[in-house]
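Here is a friendly walk through the strands and sheets of this protein. Keep the structure open beside you as you read.

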Amino acid sequence: MRTALCLLICPALAAQTAAPKEIAGKDLPSVPGPFVDRYCGVPGYHDPAAGPGNSPIQMQMREAARRGPSIPARALPEGPVAVSDAIGSQAGWKAYQVQVPPGAKVHARIHSAHDAWFVVRTVNRMGSLEEGMLRNLIGTGNPEASYTNPKKETNTIFFVVDTTEPDVNGEPYKLSVDWTGP
């Protein structure tokens, strides 16, 4: 009886804990990114790098690099993935597009040698928040965000990887994206 039960349960557990697909960020297709919302839908929001110790010249260069209408983005495939990427510009941010089916939950987390240098935000195409989007607003050193799709149709969202340091050009990281639900 126990053997039969184990034979039924073990494959189901193995399917749930399947390793995420490893992808290099440069291999993902480019897509139009979210519009830049200077305040990200949060009253009192400011650039995470704008703080004591950062020179005004560095901040001016970063602000100039962020003046575009949208954030550069890459499309993620459906399902759990681990994207190896790096911050590749003075702007210090990058977005990842995700198509989320109805009722599904997607969670993104950055892993890096310097986790506290990163922030992950969830935004819609307009660069603002909507129902189902969660993120750490208090700097915990755990850069993560999630989205649960409350709609009855597939919704397009973006995980924006942002940096808290003004000059992290070339800083490598791994973005882990996990899925639960339908």
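## Where β7 meets β10

In this predicted model, strands β7 and β10 (residues 155–163) run antiparallel and are joined by six bridges. To find the pairing on screen, look for V120, which stands opposite V161 in β10.

## The five-strand sheet

These two strands belong to an open sheet of five, ordered β2-β3-β5-β10-β7, and its pairing is mixed. At the edges sit β2 (30–31) and β7 (118–123), each of which pairs on one side only.

As a reminder, strands in a sheet pair through backbone hydrogen bonds, and they can do so in a parallel or an antiparallel way.

## The six-strand sheet

There is also an open sheet of six strands, again with mixed pairing, and its order is β1-β4-β11-β6-β9-β8. Its edge strands are β1 and β8 (133–135), each pairing on one side only. From one strand to the next, the twist averages 20°.

Which strands does β4 pair with, and in what sense? With β1 (residues 21–24), β4 (residues 81–86) pairs in the parallel sense, over four bridges. A handy landmark here is A24, whose bridge partner in β4 is S84.

With β11 (residues 172–180), β4 runs antiparallel, and six bridges join the two. You can trace this pairing through two positions: D85 stands opposite Y173 in β11, and A86 stands opposite P172 in β11.

Notes:
Residues numbered from 1 in each chain as written. Predicted model: local features only at pLDDT ≥ 70, side-chain atom pairs only at ≥ 80, totals over all residues. Heavy atoms only, no water. Pairing = 2+ DSSP bridges. Axes fitted to C-alpha atoms, helices over the stretch in contact; angles between N-to-C directions.
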